[in-house]
Each structure stands twice: as structure tokens, then as C-alpha cells.
Amino acid sequence: MSRRCELTAKGPQVGHKVSHSNIKTKRRFLPNLCNVTFISDALGRNVRLRVSTNAIKSVDHNGGLDAFLRKAKADSLSPRALELKRQIEKKAAANVPEKKAS
């Protein structure tokens, strides 16, 4: 299982562990990932995603999963999240009433 957030594409970073004697050894900084169930209002169902805690805060700040995915750029989303984004946009386009030409 990859250690990458499905919404923000945060992944492991590389750095140094520095000892008291200033010896530097390579180490990995892993993202804080959680399995979370989000509620999609547009799709009318729950969606389980593996996201970072930072992404959970961003989703709440933007007003829910639907609003976050509409604003998100496609290149930072996982294939699963990208499919959700397409489904949400399709539902939103279907629910918008068409204007009559006068």
C-alpha cells in the first residue's frame, strides 16, 4: 500500500537524523495517513479514503468532500479520487436546471 494521500498527494520525504555528535544518517518522514469515511452529498453515499490529517482539515475548511473535489486540481488527486470528482461534477451538471432561451 503506497504511503500517499489520495486527496493532496502528500508522500514520504527524505531527510537526516542528526545525532548529538552531529552525525547525519538518512531517514524518511512519513505523512500522517488515516482511513476516513467522508459523506458525499451529491452522490448520496459514504466514501472511504486514505488521507493525511492535513487533508481532513482542508476538506472541513472547504465545506465537505464535494466542494473540496470541485476545487482540487486533477493532477494532485489519486485515480480513485479523480473518478469521484468526475461523478460529482456529472451529478451537479445534471441537477442544474437549463435556462430557457427568450
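Analyst: Quick definition to start: strands here are DSSP runs of at least two E residues, helices are runs of at least four H or I residues, and each kind is numbered from the N terminus. Also keep in mind that this is a predicted model.

Let's begin with Ala 9, in the segment ahead of strand 1, which covers 13-18. Its phi is positive, near 60°, and Ala 9 isn't a glycine.

You'll find Asn 22 in the loop that links strand 1 to strand 2 (24-29).

Gly 44, at about 70°, sits in the turn of the hairpin made by strand 3 and strand 4, with 4 residues between the two strands. Those strands, residues 33-40 and 45-52, run antiparallel and pair over 8 bridges. Follow the pairing to Ser 40 and you'll see it facing Arg 45 of strand 4. While you're looking at these strands, remember that side chains in a regular strand alternate between the two faces of the sheet.

Now for the cysteines. The disulfide count comes to 0. Cys 5 isn't in one, as the nearest cysteine sulfur, in Cys 34, lies 9.7 Å off. A disulfide needs two sulfurs within 2.5 Å, so the sulfur of Cys 34, at 9.7 Å from that of Cys 5, is too far away for a bond.

One last stop is Lys 85, in helix 3 (residues 79-95). Lys 85 is buried but has no salt bridge, and the nearest side chain of opposite charge is that of Glu 89, 4.1 Å away. Why doesn't that pair count as a salt bridge? Because the cut-off is 4 Å, and Glu 89 is 4.1 Å away. So what does Lys 85 touch, once neighbours within four places in sequence are set aside? Its contacts are Leu 69, Arg 70, Ala 72 and Leu 77.

Definitions and conventions. Residues are numbered from 1 along each chain as its sequence is written. This is a predicted model: local features need pLDDT of at least 70, side-chain atom pairs count only at pLDDT 80 or more; totals for chains, interfaces and linings use all residues. Side-chain values use heavy atoms; hydrogens and water are left out. Buried means under 20% relative accessible area, exposed over 50%, partly exposed in between (1.4 Å probe, protein chains only). Lys and Arg count as positive and Asp and Glu as negative; His and the chain ends are not counted. Contact means heavy atoms within 4.5 Å. Two strands pair if DSSP finds at least two bridges between them.
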